[in-house]
Amino acid sequence: MISTSDAMTLQIGEDLGRKLKKGSVVSLRGSLGAGKTVLAKGIAKAIGIKEAIVSPTFTIVQEYDGSSMKMYHLDLYRLSGEDEFESMGGEEFLYPDGITLIEWSEKIEDMLPEDTVYISITINEDQSRNIEIEGISI
């Protein structure tokens with residue numbers, strides 16, 4: 001899919017959020033500023049989260065209560081890899097009682113569940129975004 005605006009990326013996230021089920025793990029990949037958090041805001045809206053969604057770069061994990069389920073938003077940018085993820089108790093987020101969104105999930109690639117939904121966002125020369133989704137149809 002091609003997104004030409006934040007509003008369009010938000011809508012793609014909302015459409016995806018309606019398809020996710022409790023226990024879903026979503027890998028969000030893309031460079032800084034690609035739109036991962038915008039997509040996360042759309043997913044949050046779809047599951048009834050009212051509070052503002054912010055990138056958890058410094059806290060690593062943000063937890064939100066939605067009307068239909070919880071959402072865990074992880075940003076692994078500052079982690080060194082799988083050992084550090086395990087030492088912080090990160091494995092519990094891979095089998096959630098809600099939805100887990102993981103930015104920079106490539107740092108724990110081998111730990112991700114088999115049914116992980118993969119989303120890759122790339123910035124095109126015209127500043128539009130190419131959004132590729134694997135593991136679920138929207």
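**Entry one: the overall fold**

I began with the secondary structure, and the protein chain has three helices and seven strands. I took helices (H or I, at least four residues) and strands (E, at least two) as DSSP runs, numbered from the N terminus. The model is predicted, so to speak of local features I need pLDDT of at least 70, and side-chain atom pairs count only at pLDDT 80 or more, while totals for chains, interfaces and linings use all residues. Residues are numbered from 1 along each chain as its sequence is written, and side-chain values use heavy atoms, with hydrogens and water left out.

Walking along the sequence, I wrote down the pattern β-α-β-α-β-β-α-β-β-β. The radius of gyration is 14 Å, close to the 14 Å that the globule rule gives for 138 residues, so the protein chain is as compact as a globular protein of that length. For my own reference, this radius is taken over C-alpha atoms, and the rule is 2.2 Å times the number of residues to the power 0.38. I also boxed the C-alpha atoms along the principal axes and got roughly 40 × 35 × 25 Å.

What is the order of the strands in the open sheet? I read 1-7-6-2-5-4-3, with mixed pairing across the seven strands. At the edges I found strand 1 (2-3) and strand 3 (61-65), each pairing on one side only. Two strands pair here if DSSP finds at least two bridges between them. A reminder to myself: strands of a sheet pair through backbone hydrogen bonds, either parallel or antiparallel.

Next I picked Leu79, in the loop between strand 4 (70-75) and helix 3 (82-87). Is Leu79 buried or exposed? Leu79 is buried, with a relative accessible area of 3%; buried means under 20%, exposed over 50% and partly exposed in between (1.4 Å probe, protein chains only).

Leaving aside neighbours within four places in sequence, I listed the contacts of Leu79 (heavy atoms within 4.5 Å): Ile60, Glu84, Phe85, Met88 and Lys107. Lys107 is 28 residues from Leu79 in sequence, and their C-alpha atoms are 7.7 Å apart in space.

Among contacts between residues at least 6 apart in sequence, 60% join residues at least 24 apart.
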